[in-house]
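Here is a short briefing to read with the model open beside you. We start with a single side chain, then step back to the fold and work through its parts.

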Amino acid sequence: MCFSEATQNRRSIRALDSKTTVPEETLIKLAESALLTTPSAFNSQSTRLTILIGEDHQKLWSITADALLAKIGQDRWNGGTKDRIAGYSDAYGTILFWDDLSCIKRMGENAPDIYKDKTDEWAQQSNGMHQYYMWVGLEALGMGANLQHYNPLIDDEVKKAWNIPSNWALTAQMVFGVAKEGTISEPRQQKLPLEQRLLVFGACAKI
Ligand SMILES: Cc1cc2nc3c(=O)[nH]c(=O)nc-3n(C[C@H](O)[C@H](O)[C@H](O)COP(=O)(O)O)c2cc1C
């Protein structure tokens with residue numbers, strides 16, 4: 001599947017099975033490639049990834065379940081959240097996206113004065129690029145994925161469980177696996193008219 005096809009096909013797939021279309025090594029290579037090729041401001045490379053598969057993946061969702069139940073109480077937990085979290089736990093794996101705060105601080109210290117207040121923003125942008133790389137990359141491998149945000153609620157327990165450096169801050173959790181049989185994505189929601197979002201000047205082509 002070419003890049004353009006993968007971007008067209010990528011969707012938020014939340015009904016996932018604990019199956020993979022490719023060996024674990026291929027998934028690890030995809031993450032390595034994301035880390036080695038995704039751009040970052042001043043080449044600061046502040047994004048970190050953790051891949052959780054099998055029991056480790058399930059442990060993440062058990063930690064998340066405990067944290068959510070304690071926060072929202074039994075009634076809200078039973079009213080949909082429990083099933084949603086169980087659905088994520090049923091998937092094949094989760095990629096955790098992190099920012100290395102020491103790295104971002106260093107970028108701020110070394111950046112020219114006019115850029116110093118931009119470095120947090122740029123780190124987020126680069127982290128998001130890694131997320132999109134992985135999402136499209138998984139799609140190209142025939143895997144479905146969705147993006148979740150239970151940080152910072154789960155940060156401390158997750159760091160404890162996998163001995164993650166204290167200066168890493170969790171930014172997102174990407175759940176992935178093979179789309180459950182019969183899963184049909186809803187058509188994409190109406191996007192805003194392109195002319196509101198794209199301005200082209202100086203092109204010869206008629207748009
Ligand atoms: C920055 C960002 C945050 C998102 N957060 C969540 C989230 O917390 N939970 C979730 O289920 N989907 C989340 N999504 C997925 C969006 O809801 C989804 O991408 C959007 O509705 C378009 O649907 P599509 O992914 O199928 O194209 C997020 C997407 C982005 C880019």
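Does Y150 count as buried or exposed? Y150 counts as buried, because its relative accessibility is 13%, and the cut-off for buried is under 20%. Please keep in mind that this is a predicted model. The protein has 207 residues, and buried residues make up 40% of them.

**Overall fold**

- The secondary structure comes to 7 helices and 5 strands.
- Reading from the N terminus, the elements follow the order α-β-α-β-α-β-α-α-β-α-β-α.
- Along the principal axes, the C-alpha atoms fill a box of roughly 55 × 45 × 35 Å.

**Helix α5**

- Helix α5 covers residues 119-140, which is 22 residues.
- At 1.5 Å a residue the helix should span 32 Å, and its end C-alpha atoms are 31 Å apart, so the two values agree.
- The buried residues of α5 include T119, A123, S126, N127, H130 and Q131.
- Towards the end of that list come M134, W135, V136, G137, L138 and E139, which are buried as well.
- After α5 comes G142, which has a positive phi, near 85 degrees.

**Around the ligand**

- The residues around the ligand are R10, R11, S12, R14, W135, L147, Q148, H149 and R188.
- Sorted by class, this shell has 2 nonpolar, 3 polar and 4 charged residues.
- W135 of this shell is also one of the buried residues of α5.
- S12 has a polar side-chain atom 2.7 Å from an oxygen atom of the ligand.
- In the side chain of Q148, an N or O atom lies 2.9 Å from an oxygen atom of the ligand.
- For H149, a side-chain N or O atom is 3.0 Å from an oxygen atom of the ligand.
- The ligand taken alone exposes 620 Å², and the protein buries 54% of that.

**Aromatic pairs**

- The structure holds 7 aromatic pairs.
- One of them joins F42 and W122 in an edge-to-face arrangement, at 6.0 Å centre to centre and with 65 degrees between the planes.
- F42 sits in the loop between α2 (24-37) and β2 (47-53) and W122 in helix α5, so this pair ties together parts that are 80 residues apart in sequence.
- F42 counts as partly exposed because its relative accessibility is 48%.
- W122 is also partly exposed, with a relative accessible area of 22%.
- W61 and Y150 form another edge-to-face pair, at 5.8 Å centre to centre and with 90 degrees between the planes.
- This second pair links distant parts of the chain: W61 belongs to helix α3 (residues 55-89), while Y150 is in the loop between β4 (144-148) and α6 (155-162), 89 residues apart.
- F42, Y115 and W122 are linked into a cluster by ring pairs.

**The loop between α2 and β2**

- T38 has its place in the loop between α2 and β2.
- With a relative accessibility of 12%, T38 counts as buried.
- A polar atom in the side chain of T38 lies 2.6 Å from the backbone oxygen of A34.
- N43 is found in this loop too, and its phi is near 55 degrees, a positive value in a residue other than glycine.
- N43 is exposed because its relative accessible area is 54%, where exposed means over 50%.

**Either side of α6**

- The loop between β4 and α6 holds P152.
- N151 and P152 are joined by a cis peptide bond, with omega about 0 degrees.
- N163 lies in the loop between α6 and β5 (168-179).
- The phi of N163 is positive, near 55 degrees, in a residue other than glycine.
- N163 is exposed, with a relative accessible area of 70%.

Key: Residues numbered from 1 in each chain as written. Heavy atoms only, no water. Helix = DSSP H or I, 4+ residues; strand = E, 2+ residues; numbered from the N terminus. Expected span 1.5 Å × (residues − 1). Buried < 20%, exposed > 50% of the residue type's maximum accessible area, 1.4 Å probe, protein only. Near = heavy atom within 4 Å. Polar contact = N/O pair within 3.5 Å; in protein donor to acceptor, adjacent residues only side chain to side chain. Areas by Shrake-Rupley, 256 points an atom, 1.4 Å probe, with all protein chains shown as cover. Nonpolar A, V, L, I, M, F, W, Y, C, P; charged D, E, K, R; others polar. Phe/Tyr/Trp six-rings, centres within 6.5 Å; stacked < 30°, edge-to-face > 60°.
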